[in-house]
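Colleague: I am new to this structure and should like to understand the reasons behind the terms applied to it. May I put my questions to you in turn?

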Amino acid sequence: MKAARIEFQVYFELAAEVSGKVDVLLLSGVRECIDQADGGGEDFGFRDEFEGDDCVSASSDSSNWFPNVAGDSNFIREFRAAVAPSERGRLQHTPPLILLGVPGEGRTYTERVRRVVGALEGGLHKDGKLVPYASVELEFDRQEPPPLLAEKAGSKMARGVPRNMTPNNFSDFELLRDFVKRLRNPLEGEDNPNEARLLRDHVYSERVGRGGLLKALWVLGGRQAPTVPGGLPGWLLESVLQPLLRTLPRWLWVRRKTRRLLRGWLGEELDRRGSREGLFEVLSDVASVQRVHLSLPVGDSQHQDALEFLERILVRALLADLSRPAVGRLLPKRRRRTARPALLVALPMPGTEGSRVAERFLRSFSSTRSDSRALGPLVIGVGRLSPEFLAELNAQERNLTETGLLSHQPDGATVSTLLPEQSFTPGKEPVQCVAPKRYRIDWRVQTVLMTVLAVLCTMLLVIAARPLIGLSMPSPCADGNEPIAGPGAATPPTVRRQEWAAALQAIARENKRAEAFPAERAVRTVVHIGASEPTSESDAQFDSSIPELRGIALYQKRLNDAAVTNQKLIPLIVEERHVGDFFENAESEAEALVKEIGEQPQGEGRKKIVGVIGLAQSREETKKALQVLEKAHIPVVGTTATADEMGSAFDGTYWPLTPKNSTEARIAAKFAHEFRIVPRGGGAGGCTTADHAIVVEREVDLYSRSLAKRFQTQFESLASRASRFTINFDQSGIVSDPDANADLDSASSLADSVCDLLKAHPRSIVYWATRARDFSAFLDAMDERSTCTRNGLTVLGGNDLTNMATNGAFNGKQWLRLYYSSHSLPKDDPRATDETKDYARDYDAFVQRVDPWRQDGRSAVAYDALHALAKAAEIARGSDNLTTAGIRSAFRSVEFEGATGYIKFQNSGDPPYQKTLVILRASAKGPRTVLACGAYAKGETYAKQDRACAS
């Protein structure tokens with residue numbers, strides 16, 4: 001029902017946008033109607049979604065639990081997260097093929113394999129399946145043809161799928177399975193000219209036997225031709241009823257299957273995509289070739305090739321079924337895809353016939369998962385495979401903890417882990433059952449309810465809006481019409497460069513506290529690479545290093561306080577390395593740091609450097625520094641460097657904490673296109689959306705160049721009428737940008753150009769993609785052009801404008817509407833989490849005065865950056881690997897509620913999953929949230945929020 005509510009609100013807001021004449025009170029009334037419908041679920045006697053029950057595996061005998069091996073808890077946790085992740089987005093890829101090696105021979109080997117498989121299966125089953133899964137162990141009579149493991153796995157996967165959970169339709173697999181069965185067990189008459197028709201009739205009869213509408217129609221049509229007296233009744237039964245109930249449904253079924261399979265994966269697999277033949281004509285051709293090969297002795301290579309072919313098409317069919325439906329957002333059927341299908345395979349001893357069957361399946365799965373591009377299952381093979389076969393699969397040997405972490409990665413690799421002999425003692429704990437989100441009602445029922453409610457509310461809107469036709473009302477501006485400064489505006493706080501030294505002193509105090517812990521306590525050192533001390537009050541105003549240092553000191557204090565009673569925490573000493581106002585010495589400092597770390601003695605040590613934080617600006621110098629650190633495999637947590645180019649070439653080393661410029665530009669472009677932020681001229685009042693953007697960039701600045709290029713691409717792609725004019729603005733001297741429309745080197749000439757463009761394109765915004773220092777000069781120049789600013793000026797800027805917007809520097813410029821991005825919600829926003837509010841209280845207590853950076857998100861980002869590194873150290877210590885290598889591996893398991901929102905890392909070089917990005921508006925009383933995107937709280941995602949957030 002929540003999904004329905006979102007759809008309806010989007011629908012009605014679009015209607016208001018188009019007409020511009022719907023009364024605000026009317027729209028509120030319609031929304032109230034939707035609210036009533038949304039809450040109606042309880043009145044109807046159901047609640048749409050619920051969490052699965054928590055449980056543990058059925059066996060109470062610890063000798064049947066997962067083996068007692070280093071990293072078992074981490075593996076089990078990641079296994080459960082891979083099958084039933086907390087975020088749907090993590091289902092959108094096929095995980096690696098996991099092979100768990102088991103030692104032993106004979107009966108001992110079999111019992112150990114069954115123990116591992118049974119332990120994992122216990123987490124997937126409680127009074128029935130909790131997720132779609134299959135557990136397969138090969139048992140067959142040597143007198144029978146060698147089995148196809150895919151046939152057995154798919155059949156078991158299709159049985160007992162949890163109610164109201166998808167994927168639950170195995171139509172492709174069942175059709176191909178029936179074909180393969182018929183091929184391997186031919187009946188008399190298979191080689192006659194009507195083989196395609198016989199094959200069609202056989203497969204369709206099997207489909208009818210599985211029930212549903214086709215079976216009901218078949219039964220109504222009669223299994224035999226009706227024997228009735230002649231005349232009109234008999235003619236109707238023979239000539240009308242039976243064709244209508246049997247022949248027509250079969251023809252439609254065959255046509256649909258032909259179109260979908262031959263135009264899809266099967267046509268690609270058989271190289272028959274452009275064929276005009278029907279499905280069963282094509283399958284008949286396949287059967288005629290493969291039947292000859294299958295008639296040869298089992299040991300013949302052509303017989304084995306035929307089995308390999310049949311295994312592959314069954315695997316491909318199963319993967320096609322498991323990839324439907326796509327991972328959902330609003331559509332009820334897609335929303336019910338809340339878990340990843342799993343397949344557990346008990347591997348027979350190497351060298352046996354069963355081992356060859358299992359190898360054939362694993363080979364087919366390994367090759368087809370990359371070809372199919374489908375949302376594949378988690379496949380875990382348990383047992384022992386020959387070294388030659390492992391080499392064929394290009395299996396990577398990993399320990400159990402690393403294997404668990406890799407279960408979330410979409411790299412298509414094969415991972416092998418050998419469970420040691422001594423691990424098969426009684427286990428430490430059973431595997432807890434997974435708890436995916438479940439739904440009480442069928443997706444078809446919810447779709448009908450949503451449709452009915454949409455029709456009812458649309459009728460209400462149409463009826464109520466009819467009297468309002470012809471009335472015109474001004475369209476309100478996003479976040480109201482309150483000026484940026486005026487009565488009640490806060491007095492700009494004093495900016496003091498001494499605050500830089502005060503923040504360093506706070507870090508030094510916390511370093512002494514960390515060093516004071518007992519000698520046996522694990523304490524480590526991290527390095528903060530930041531800008532040098534501001535040389536003037538003006539530099540301090542535009543500098544981000546002071547709030548960053550404060551954020552580090554605040555989390556360091558919190559960590560030291562908690563570590564007194566929590567022995568698992570790792571206190572951190574923070575070393576400061578300052579590399580110039582514009583990070584000009586970042587590369588040389590990184591090289592010196594790498595050398596220093598290389599000379600550190602092995603083993604424990606409080607001065608042992610385990611990571612780096614900072615490098616807060618996207619510049620060529622900081623990018624080169626990251627490359628130096630990456631070559632040395634030193635983990636780095638980036639703070640506010642947002643250019644996509646910063647994290648594009650790093651594997652396992654760089655973990656940025658803020659969204660990339662591509663995400664910020666996409667959201668900003670949609671915001672400008674869809675939100676009313678441009679004041680209407682001519683005294684009309686209110687605001688409208690932007691159809692033209694004046695993009696201001698600085699070509700030599702990596703941050704500015706990256707953000708500007710991505711914004712202008714996104715903005716122009718939104719509508720054919722959207723246009724932009726790019727100005728390369730650099731007060732220190734122009735380096736020409738061939739893609740820019742103009743190169744300017746003074747604030748005065750920039751203001752003149754903007755005024756000319758506003759005259760030609762009144763519905764324009766200025767998109768400021770460069771630094772705050774240049775922005776201040778531009779506004780001063782615009783302030784002298786009162787004629788140009790008479791109707792107001794809207795500026796949408798990047799996160800570099802944050803501290804200027806929060807320190808009252810724009811007071812007096814009532815013609816300015818300023819929107820800018822930030823990485824955290826203001827503390828007084830009702831959506832702010834307790835963690836965000838706690839951080840804000842700690843910050844106020846630390847500063848003890850009105851402060852220009854109180855609402856600056858960069859302090860909170862630095863706070864979370866050190867928090868993330870501390871979490872990684874804690875996880876690495878739990879795996880007895882408190883080193884730079886251990887911390888790099890641990891980052892994929894870092895997850896916590898931070899000051900800037902929910903933090904959960906996934907891939908190196910990428911920000912945390914669904915990381916928070918907020919668009920604020922500067923007002924007389926401080927920043928106000930206009931658009932909040934991402935995980936500012938756990939469970940929030942771009943897809944759930946305003947359409948400007950969604951990708």
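Modeller: Please do, bearing in mind that this is a predicted model. One stretch calls for caution at the outset: over residues 486-490 the pLDDT stays under 50, and the model has eight contacts there beyond four places in sequence. Residues 223-229 also stay under 50, with 11 such contacts. Where pLDDT is low, the predicted coordinates should not be read in detail.

Colleague: What is the average pLDDT of the chain, and which elements have the lowest and the highest mean?

Modeller: The chain averages 81, and 83% of the residues score at least 70. Among the elements, helix H2 (residues 24-43) has the lowest mean, 37, while strand S10 (residues 572-578) has the highest, 94.

Colleague: How do you know that Cys755 and Cys788 form a disulfide?

Modeller: The criterion is a pair of cysteine sulfur atoms within 2.5 Å. The sulfur atoms of Cys755 and Cys788 are 2.2 Å apart, and the pair forms a disulfide. The torsion about their S-S bond is about -110 degrees, so this disulfide is left-handed. Cys755 belongs to helix H25 (residues 747-760), and Cys788 lies in the loop between helix H26 (772-783) and strand S20 (793-797), 33 residues apart.

Colleague: Why is Cys788 counted as buried?

Modeller: Buried means under 20% relative accessible area. Cys788 has 19% relative accessibility and therefore counts as buried. Cys755, at 13%, is buried as well. Cys457 has 1% and is likewise buried.

Colleague: How many disulfides are found in the whole structure?

Modeller: A search finds three. One of them joins Cys477 to Cys687, with an S to S distance of 1.9 Å; both of these cysteines are buried. Cys477 sits in the loop between helix H17 (443-465) and helix H18 (498-515), and Cys687 in strand S15 (residues 687-688), 210 residues apart. Another joins Cys933 to Cys949, S to S 2.0 Å, and these two residues are also buried.

Colleague: What makes the disulfide of Cys477 and Cys687 right-handed or left-handed?

Modeller: The torsion about its S-S bond is about 80 degrees, so it is right-handed. For Cys933 and Cys949 the torsion is about -75 degrees, so that disulfide is left-handed.

Colleague: Why are S18 and S25 said to stand at the edges of their sheet?

Modeller: The sheet is open and has eight strands in the order S18-S17-S16-S19-S20-S21-S24-S25, with mixed pairing. Strand S18 (742-744) and S25 each have a single partner strand, so one side of each is left without a neighbour in the sheet. The twist averages 20 degrees from one strand to the next.

Colleague: How do you know that strands S16 and S17 pair?

Modeller: Pairing requires at least two bridges. Six bridges join strand S16 (residues 692-697) to strand S17 (residues 723-729), and the two run parallel. In one of these, Val695 has Thr726 of S17 as its bridge partner. Helix H25 lies across S16, S17, S18, S19 and S20, at about 170 degrees to S17.

Colleague: Which residues have the most contacts inside the largest nonpolar core?

Modeller: They are Phe66, Leu100 and Phe179, in a core of 97 residues. Helix H12 (residues 301-322) gives the most to this core, with 11 residues. Apart from this core lies another, of 53 residues, including Ala506 and Ile552. Phe66 touches, beyond four places in sequence, residues including Phe75, Leu100, Arg115 and Val431.

Key: Residues numbered from 1 in each chain as written. Predicted model: local features only at pLDDT ≥ 70, side-chain atom pairs only at ≥ 80, totals over all residues. Heavy atoms only, no water. Core = buried A, V, L, I, M, F, W, Y, C linked by side-chain atoms within 4.5 Å. Buried < 20%, exposed > 50% of the residue type's maximum accessible area, 1.4 Å probe, protein only. Helix = DSSP H or I, 4+ residues; strand = E, 2+ residues; numbered from the N terminus. Contact = heavy atoms within 4.5 Å. pLDDT = per-residue confidence, 0-100. Axes fitted to C-alpha atoms, helices over the stretch in contact; angles between N-to-C directions.
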